[in-house]
Amino acid sequence: MTPMEFDARHLWHPYTNVMDPGPMHLITGAEGVWLTRDDGGKMIDAMSSWWCAIHGHRHPVITDAMHRQIDQLPHVMFGGLTHDPAIELGRRLVEFMPEGLDRVFYSDSGSVTIEVALKMAVQYQMAQGHAHRVEFATIRGGYHGDTWKAMSVCDPVNGMHGLFAGALSIQHFLPRPSIRFDEEWCEDPIQNGLAELEQLLERKGNQIAGLIVEPVVQGAGGMYFYHPAWLRGAKELCDEYGILLIFDEIATGFGRSGELFAMDHAGIAPDIICVGKALTGGHITLSATVTSKNVAEGIGNSEAGVMMHGPTYMANPLACAAGAASLSLLANGNWKQDVTQIADQMQHELAPARALPSVAEVRVLGAIGVIEMHETVDPRVAHRAALETGVWLRPFARNIYCMPPFVMSEDELSRVTSAMVALARGDV
Ligand SMILES: *Cc1c(COP(=O)(O)O)cnc(C)c1O
């Protein structure tokens, strides 16, 4: 059996049918924005490997930090023990966070950090004497991960987890904010959707622990960009009704939307924020749930006292070293300028796709470029196109999109946008 035959027969890949796993490239290496295949061919990773590799692959600052760490202390339990990489990353993370968000809980992945955030909210409400506040409010079109509680706040109809509807706890879904990012904001709460949130909190507020949303950019739920003013209104309402506001910045954190965090478009901070994906620059899995002193001490002063979570590999030193190195690159680099340039170039180069009859819409925000089609796009087409165009894209639903590493050159990005337009046109 060849390695590829073994892979096809024995290894599950994300969201695939074992009977028909589809085509597969064998990747043997990566450097910067480039991936190398076993046939020697190269292709540009236009996905930043699922939105993580913001500095490109194998950035020497990150790999050096990981090499040093692996020789010293690849892992040690975090219960009762601590280490420099966790402290160093914590310092940097708190510096990056808005004022007041400075209590950090590390975990392994995006989905788990969502679980932790939801548990924090429930424990906080219990501590406030609100034992009935165990449910969550969210907006349609969201995606928050694949674990059970995270699935329950994903879009219940068009999301990836509709299949499990009957097995998930019932949450409260509001329409997605209808005013787009670049549209004019309308103060009328009926028009802007905040009336529905207010009604929900008025009717069911005493059952709801928190409101969880992806600020501004809904990612895997449809690549939808909504108006930041909705978040300001939502924060006011949450404060008024004693509901914790939770921002899932796993996809958007660390510059992707053109601001350091997507919430910076709104100029507000939530009670709890979740980060993951780009936290280590795409080198190794790690996530963090960050909250305020108020929430942390609320839980601390409760009857239980402890935050009831503690992953085995919590604050893995190797991952923390990668995270600290990645944040140092952001702190010392020109990510904002890079992202602005990428945005401008994508606006310009994706625009011709608007004229294609197969295309519903083209939109760009920060280093996120989307061609939304009228019909669902078969990822297999993109798979084949990668060989022809030298650009690795992974469309989902009706979206052909890219999330380039911030270090991508102008020429490389032109190859990406041409490949996207060619795919939209049906040329490859
Ligand atoms: C990817 C993602 C998650 C889940 O993260 P995993 O590391 O895949 O568990 C949650 N929320 C958002 C917004 C994401 O993009």
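1. Let's begin with the ligand. In this predicted model, its surroundings are made up of W51, S109, G110, S111, Y143, H144, G145, E214, D248, I250, A251 and K277. Sorted by class, this shell holds four nonpolar, five polar and three charged residues.

2. Two of them involve ligand oxygen atoms: a polar atom in the side chain of S111 sits 2.6 Å from one, and a backbone N or O atom of G110 is 2.8 Å from one. On the nitrogen side, an N or O atom in the D248 side chain lies 2.7 Å from a nitrogen atom of the ligand. As for cover, the ligand taken alone exposes 380 Å², and the protein buries 83% of that.

3. Now please turn to N192. You will find this residue in helix 7, which covers residues 189-192. Is N192 buried or exposed? N192 counts as buried because its relative accessible area is 2%, under the 20% cut-off.

4. What does N192 touch, leaving aside residues up to four places away in sequence? The contacts are I179, W185, C186, E187 and W230. With E187 there is also a polar contact to look at: a polar atom of the N192 side chain lies 3.4 Å from the backbone oxygen of E187.

How values were computed. Residues numbered from 1 in each chain as written. Predicted model: local features only at pLDDT ≥ 70, side-chain atom pairs only at ≥ 80, totals over all residues. Heavy atoms only, no water. Helix = DSSP H or I, 4+ residues; strand = E, 2+ residues; numbered from the N terminus. Buried < 20%, exposed > 50% of the residue type's maximum accessible area, 1.4 Å probe, protein only. Polar contact = N/O pair within 3.5 Å; in protein donor to acceptor, adjacent residues only side chain to side chain. Contact = heavy atoms within 4.5 Å. Near = heavy atom within 4 Å. Areas by Shrake-Rupley, 256 points an atom, 1.4 Å probe, with all protein chains shown as cover. Nonpolar A, V, L, I, M, F, W, Y, C, P; charged D, E, K, R; others polar.
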